[in-house]
Amino acid sequence: MKRVFLLLVLAAISGSITAQERYITRGAEEGELFMSVHWYCDYGFWGDTVYDAILHITENGKKVAINHSVESRPPDSGIADSLPMQIYHVIADATPGVLYNVDWCYDTEVYPYTRLWFSDDYGTSWELRDKQIGNNAYFVANVEGLIYRGGWEGVCKSDDYGTSFLKTEIGSAGSEPGLQDEEAFSCGSYEPYKGRLLHTYDFYKTYTQVSIDSQYVYAGPDVFRGGLPGEVYVTSRFPNNIYKVSFSADTGYNFRVVHLRESYRDFMSDRKAGDFYIVTQQAIATEQPWGWYLRICVDHYTDYGEILAGTYCHDLTRDGVVTAVDEMTAGNDHIMVYPNPTGGEVRVESGELRVERVEIFDLMGRKVLSQKAEGSISTLLNAQKQQALDISYLPSGIYFVRIIAETGNVTKKVIKQ
């Protein structure tokens, strides 16, 4: 099923800012995430049958449960009230166990409808709470039971979990809610707001703009709040298939890169300050039956990306059983990069882990060094589990050292003086 992205037009601002439709949301508790995914697919003679699921991820990724599953299909035609819920865009407020789902359908192929569904049992059972003509966007606040609906008629507010909505004088519900009511963040994708972070405490009646340096934002930016006031993360894609996560502790005035990797991944910050997650999905092919099922891996980072606390992988099999297939804990405890800062030589010490390759990237995501563990290097690794790299020729600045080891990848930050 092809996902369709919606654009939210901010009524208080002349110009448009992309409101990212995410498929992952933080829960009400620390270490808790919810996620909508394509779960598995059966290949058939008359076409493929894909199933969607809502996952409940707890203990920072150590546990995953399938809380709801339906057959995936494009928006249906018919009577909107009678169509079953489709899993699409999940969001959660600050109430334990409460989850919302937004989907779309058509009434007699004429009017598109946006529907809001509500669950108070972690996504196991659902009831329809709101249905509106047109493409509407829903935003939860960091308050129990408080949710906003944005559309052409303006912003409407509900303080009873979406049961009833009243029109407000709010300019826009924004993109990413802040830690308090009416606080929100948006990251511009188009002119005149491209490369700028917008922050408001009154839903864009008034707001501040901060320009973000191009080394932190390039294409498809998204913004996420941190665990403390003023903290914000910005994710962006860069050339050469690089994906970067940058962090600011002062509402966007100063950024630093805290994570870098090749290819886009799902990101979500935690309610706990300094914690965030990188989630990857992989389709595993099967022959009997012919199709595939999903493997999901959660990287849990702490201390603002300095520590990879654990990587947890799970297979979502067709019988609804989630099997932990790989758990790598304390990934950074086994690997040291020193001296830091350095004037030219960087040593990578891997303890008992065998390193296969070491790569270094600059802040723009460009690979400036790649060294395989072979020949004399391999002998050195086997004997002492360490490797020396010469970066004396590189300009002064911040670099990322990515260590590709037998149990997974670890990225360390190093300063070249």
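Predicted model: local features only at pLDDT ≥ 70, side-chain atom pairs only at ≥ 80, totals over all residues.

Student: Is Phe 224 buried or exposed?
Tutor: Buried means under 20% relative accessible area, and Phe 224, at 3% relative accessibility, therefore counts as buried.

Student: How is a pair of aromatic rings described?
Tutor: In general, one gives the distance of the centres and the angle of the planes. The structure holds 20 aromatic pairs, and one of them is formed by Phe 224 and Phe 267, with 4.8 Å centre to centre and 70° between the planes, an edge-to-face arrangement. Phe 224 belongs to strand β18 (residues 219-225) and Phe 267 to strand β22 (residues 266-269), so this pair ties together parts that are 43 residues apart in sequence.

Student: What is the geometry of the pair that Phe 247 and Tyr 304 form?
Tutor: Phe 247 and Tyr 304 form a tilted pair, at 4.7 Å centre to centre and 40° between the planes. Phe 247 lies in strand β20 (residues 242-248), whereas Tyr 304 lies in the loop between β24 (291-302) and β25 (307-316), and the pair links these distant parts of the chain, 57 residues apart. Both Phe 247 and Tyr 304 are buried, and one aromatic cluster includes Phe 224, Phe 247, Phe 267 and Tyr 304, together with Tyr 233, Phe 276 and Tyr 301.

Student: Which charged residues sit over rings?
Tutor: Two cases can be given here: the charged end of Arg 129 sits over the ring of Phe 118, 4.0 Å from its centre, and Lys 244 lies over the face of Phe 238, at 4.1 Å from the ring centre.

Student: Which residues touch the most other members of the largest nonpolar core?
Tutor: That core has 47 residues, and those touching the most other members are Met 35, Leu 55, Ile 57, Tyr 233, Phe 267, Val 348 and Val 401. Apart from it lies another core, of 17 residues, among them Val 217, Val 223, Phe 238 and Phe 400.

Student: With which strands does β7 pair?
Tutor: Strand β7 (residues 99-107) has 8 of its 9 residues buried. With strand β6 (residues 89-91) it pairs in the antiparallel sense over 3 bridges, and Val 90 stands opposite Asn 101 in β7. Strand β8 (residues 111-119) also runs antiparallel to β7, joined by 9 bridges, and there the bridge partner of Trp 104 is Thr 114.

Methods: Residues numbered from 1 in each chain as written. Heavy atoms only, no water. Buried < 20%, exposed > 50% of the residue type's maximum accessible area, 1.4 Å probe, protein only. Helix = DSSP H or I, 4+ residues; strand = E, 2+ residues; numbered from the N terminus. Pairing = 2+ DSSP bridges. Core = buried A, V, L, I, M, F, W, Y, C linked by side-chain atoms within 4.5 Å. Phe/Tyr/Trp six-rings, centres within 6.5 Å; stacked < 30°, edge-to-face > 60°. Lys NZ or Arg CZ within 6 Å of the ring centre and 35° of its normal.
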